[in-house]
Amino acid sequence: MRDDKRKVVLIGTGMVGMSYAYALLNQSLCDELVLIDIDKKKAWGEAMDLNHGLAFSPANMNIYAGEYEDCHDADIVVICAGVAQKPGETRLALLKRNLAVFESIIGPVKKSGFHGIFLVATNPVDILTRVVCTLSGFDPSHVIGTGTALDTARLRYQLGRYFKVDPRNMHAYVMGEHGDSEFVPWSQALLATKPVLEIFKERPEQFDSQNLKSIEEEVRTAAYRIIEAKRATYYGIGMAMARITKAIFGDENSILTISAMLRGEYGVHGVFAGVPCVVGRGGAVRVLTLALSKEEEERFQESCAVLDTGYHEMEIEKNNTVLAGKK
């Protein structure tokens, strides 16, 4: 990855992609931003719209609509392309519809000579991040997904409201699938440096531990309720992607709950799932292994099993489709 210019190629100029691009512009997170979309006219229009805001921005960015060839010297290729989640539809149900989209993307990106970091946001993000790793043949540390970064932000927001403190002073994570099997390891949740579970034990008259279940459910179902209300979620995930990008370009080694490949951590191998991870110029530098309780480790393994099953069912269905086509 070059140090002289920060170049991002964004594939997919829907609401998620453009929320991310808008965050990049306002936070001056890159020097060159290329927009690619199957609808080339839309990509051109979005680039022009962003360019017209440069005079009011701290950024001095080169923004334009491009082609896959532009990926050759990019530092990060961000994938937001795909079909949107329908009201009531699970993220895993999206998999079959988005697989074909990804197969049409990864080949041209590889052909360009790209050798940077893939950042995947399209749902189901954990499985599709694994798909990108498989199709690209890249080192798994250079293929990351947004994972449970947004879920973790939602959790800290809810905990901040509950305890009436700044969410940035809440330290807690959502782990596993970015979806229905995700969970909160409450044994690791802190208010500043004080364990949340200890606060509940000390002040039962003020804090009801049952509220933790409500908060976890609120976080898990947040996307469904937003989609029902406004058809899509995009601002939060756009900000989460911008935060990951900042950590990469700044070589921050920040702890973010991205979707990264597990290589034996928590007893899981080969699965991409949302875990606290050190993120820097090398992408997913390393997975941070937390001291989970036995029950929490089992919940994490169950969530990873859901993701692994979804990935292999996709492979089986794909192979069956290929065989049927040869008859």
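Okay, let's start with contacts along the chain: of those between residues at least 6 apart in sequence, 70% join residues at least 24 apart, where contact means heavy atoms within 4.5 Å. Before going further, a word on what you're looking at: this is a predicted model, local features need pLDDT of at least 70, side-chain atom pairs count only at pLDDT 80 or more, and totals for chains, interfaces and linings use all residues. Residues are numbered from 1 along each chain as its sequence is written, and side-chain values use heavy atoms, with hydrogens and water left out.

So, the overall picture. The chain has 10 helices and 12 strands; those are DSSP runs numbered from the N terminus, with helices being H or I of at least four residues and strands being E of at least two. The radius of gyration is 20 Å, close to the 20 Å that the globule rule gives for 327 residues, so the chain is as compact as a globular protein of that length. For the record, that radius is taken over C-alpha atoms, and the globule rule is 2.2 Å times the number of residues to the power 0.38. The C-alpha trace spans about 60 × 60 × 40 Å along its principal axes. How much of the chain is buried? Of the 327 residues, 52% are, with buried meaning under 20% relative accessible area, exposed over 50%, and partly exposed in between, using a 1.4 Å probe and protein chains only.

Next, a helix pair. Two packed helices are described by the angle between their axes and the distance between the axes. Here, α3 (residues 95–111) and α4 (residues 125–136) pack at about 35°, axes 10 Å apart. The axes are lines fitted to C-alpha atoms, for helices over the stretch in contact, and angles run from 0 to 180 degrees between N-to-C directions. The crossing of α3 past α4 is right-handed, that is, the near helix is turned clockwise from the far one by less than a right angle, with anticlockwise being left-handed. Who's touching whom? From α3 you have Leu95, Asn98, Leu99, Phe102, Glu103, Ile106 and Lys110, and from α4 there's Ile127, Leu128, Val131, Val132, Leu135 and Ser136. Sort those by type and you get nine nonpolar, two polar and two charged. In that count, Ala, Val, Leu, Ile, Met, Phe, Trp, Tyr, Cys and Pro are nonpolar, Asp, Glu, Lys and Arg are charged, and the others, Gly among them, are polar.

Staying around these two helices, look at the loop between β5 (117–120) and α4, where Pro124 sits. The peptide bond joining Asn123 and Pro124 is cis, with omega about 0°.

Then there's Ser112, in the loop between α3 and β5. Ser112 counts as buried at 17% relative accessibility. Its side chain reaches the backbone oxygen of Val109 at 2.6 Å and the backbone nitrogen of Phe114 at 3.3 Å. Leaving out residues up to four places away in sequence, Ser112 touches Tyr68, Glu69, Cys71 and His72.

On to another serine. Where is Ser181? In the loop between β7 (170–171) and β8 (190–191). The side chain of Ser181 makes a polar contact of 2.5 Å with that of Glu177, and one of 2.7 Å with that of Ser303. A polar contact here is a pair of N or O atoms within 3.5 Å; within protein, one must be able to donate a hydrogen and the other to accept it, and residues adjacent in sequence count only if both atoms are side-chain atoms. Beyond four places in sequence, Ser181 touches Ser303 and Val306. The C-alpha atoms of Ser181 and Val306 are 7.6 Å apart, though 125 residues separate them along the chain.

Now Glu216, in helix α7 (residues 210–220). Buried or exposed? Glu216 counts as buried, at 8% relative accessibility. Its side chain has a polar contact of 3.2 Å with the side chain of Arg299.

Ala192, in the loop between β8 and β9 (194–195), has a positive phi near 60° without being a glycine. Asn253, in the loop between α9 (235–249) and β10 (254–263), also isn't glycine and has a positive phi, near 55°. Ala192 is partly exposed at 38%, and Asn253 is partly exposed at 43%.
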